Structures are given as structure tokens and as C-alpha cells.
Amino acid sequence: MSETLFGAPAGLLARLNRSEVRVPDVRAALSRLTDDEIGPGLRLDVFEGTGTGPMVVLEEAGRRTRVLLAELAVQMTRSRVPATPEGVTAATVAWLARRPVPDEVAAQTGIALLDWSDPRQTVLGWRVVVRRGEVGVPWRPSRTATLPLVHQTRSAALGRAATVDATLHVQGPLGLCTATDAPGLDTAVLVRPEALLQEMADRGLRLRDGHVVVTPRRPVAAAEGPVARRLAAEATEACATLPWWAVADLGWA
């Protein structure tokens, strides 16, 4: 299930019982945030603004984000966030976790994962992602990020991906690789596809026409071409099937 800007989608009952989140609700939620919920290195201030209404300003590692409280309230209402202190506060915490990633933070902690490169979710590419608790946030270079910085950040992210620990489960004609470091890091194992292929061979699964089934933020499946295509056809989430040799040719999303 995909997540919205404010966390997991609301259930069916919450969607029917739509309530309106207002600016005072968002302001009160921001004032209730604890230091642990804000996190280290992030500064949060609310300013009244002139004519546009109050706004929240986030500053972190040289990156500044400004958002009108009215805009947040509208987005929360559209996302069916319950207009209760608990509901709005939880949505605010989820929104903070998904704030833009500063270039400096991406360079220091970003990891390379596979993600969709297009809105139709048909093309895969590598993306630098920063983990914030249980959430993985993609890095989008700022307007001041230089080309050398982008290359260095991506290179470092690939290096971190190569160190992710994973567990391989072999069952019949299928191998399933799951990251053990943290949820959602599974596709990092494809930074070194030859190592995974060798481990499967050592476990008795030798693939002549090896294919992988890739679902971003989910475990990676490997099998012979016909089996992999059948798995993809039965999947409930958007996924892609590609041969082993094509993994090395994937670019950046």
C-alpha cells in the first residue's frame, strides 16, 4: 500500500467521515511537537506572514522549506486526516519525516535504492534515499548543488548500498532477498547483482535465464524468466521484471 504525505492512507470509515482541518489545528499541532519528534539538526519556526497567513519555516543543514499553514490544512483535509489533536499531530509528524532532504544530509547518509523513474511506474532507476525512522525520503538535489556534488553523493550512496546486510530465502525455483538492516532497503542488494547470483548458486538455485522481479521498497525476487514473469503478472503492486544483465545498465531516476 502506498503512503500519502501524511503517512498511511485513511481507512474506509475515515474516508466516509471526512472532517475539515483548520489553520489553528495545524498551529496547535506544531506547538505540541517534542524535540524527539522534530529531530536533531532541524529548526522549526512559525511566522505570521504578511497577507498570506501564517507559515512554518524548516531549516536543516542549509536547506530552508517554507509552507503556509493554510496549505497544510487543506492537504490534510484532502487526505482525510482526522481533525482531532491526535490526528493532526500524527499527520504533522509524518509530514516532517517526509520533508526535503538537504544536500549535506544526502551526502553523509544517503543510500542507493531502486525506484520508479516515471509517473507511470514502468521504468526503474537508482535514487539516493535517506532513512528517517521507518520512512525513506528520496533526495532531490537543490538548485545550488553542483554536478560534482551530485556525482559524489551518488557514488557514496552506491557504496553504502553495497554494505547492506540481506537474507536470501530459496524455495523451489524462487529466491527472495530481504534486507535485514532496515525496512525498505531490499533493492540495495542489486548494487552487486553478481554476489546475489553466486549466493543463489551456492544454495542450489542455478539460473540459466535469470530474471529479477523488482518492487521498490519490497524484497527482491529472482527466478527463471517464465517464473519471474508469472510472479510479476500476479503482483498487486507495480513491479518490473528484467534479466540479470540489465541490472548493471540501470541509470539514475
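## Close-up views of a predicted model

**View 1. The side chains of T89 and R32 are joined by a polar contact of 2.9 Å.** A polar contact is a pair of N or O atoms within 3.5 Å, where within protein one atom must be able to donate a hydrogen and the other to accept it, and where residues adjacent in sequence count only if both atoms are side-chain atoms. This is a predicted model, in which local features need pLDDT of at least 70 and side-chain atom pairs count only at pLDDT 80 or more, while totals for chains, interfaces and linings use all residues. Residues are numbered from 1 along each chain as its sequence is written, and side-chain values use heavy atoms, with hydrogens and water left out. T89 belongs to helix α5 (residues 85-97); helices (H or I, at least four residues) and strands (E, at least two) are DSSP runs, numbered from the N terminus. With a relative accessible area of 13%, T89 is buried, a term that stands for under 20% relative accessible area, whereas exposed stands for over 50% and partly exposed for values in between (1.4 Å probe, protein chains only). Leaving aside residues up to four places away in sequence, T89 touches A29, R32 and L33, contact being defined as heavy atoms within 4.5 Å.

**View 2. E60 and R99 form a salt bridge, with their closest N and O atoms 2.8 Å apart.** Because E60 lies in strand β2 (residues 55-60) and R99 in the loop between α5 and α6 (103-109), the pair ties together parts that are 39 residues apart in sequence. A salt bridge is a side-chain nitrogen of Lys or Arg within 4 Å of a carboxyl oxygen of Asp or Glu, and the structure holds 9 of them. E60 counts as buried at 11% relative accessibility, and R99 counts as buried at 10%.

**View 3. E59 and R64 meet through their side chains in a salt bridge (3.1 Å, N to O).** Here E59 counts as partly exposed, at 27% relative accessibility, and R64 also counts as partly exposed, at 46%.

**View 4. D115 and R127 form a salt bridge in which the closest N and O atoms are 3.1 Å apart.** The pair links distant parts of the chain, 12 residues apart, with D115 in strand β4 (residues 111-116) and R127 in strand β5 (residues 124-132). Both D115 and R127 are buried.

**View 5. L190, V212 and W244 touch the most other members of the largest nonpolar core, which has 42 residues.** A nonpolar core is a set of buried Ala, Val, Leu, Ile, Met, Phe, Trp, Tyr and Cys residues joined through side-chain atoms within 4.5 Å. Not counting residues up to four places away in sequence, the residues that V212 touches include L190, V220, A240 and W244. Another core, of 21 residues, lies apart from the largest one, and among its members are A29, I38, L58 and L69.

**View 6. Strand β7 (residues 166-171) and strand β8 (residues 174-179) pair in the antiparallel sense over 6 bridges.** Two strands pair if DSSP finds at least two bridges between them. H169 has L176 in β8 as its bridge partner. The two strands, β7 and β8, form a hairpin with 2 residues between them, and G172 in the turn has a positive phi of about 60°.
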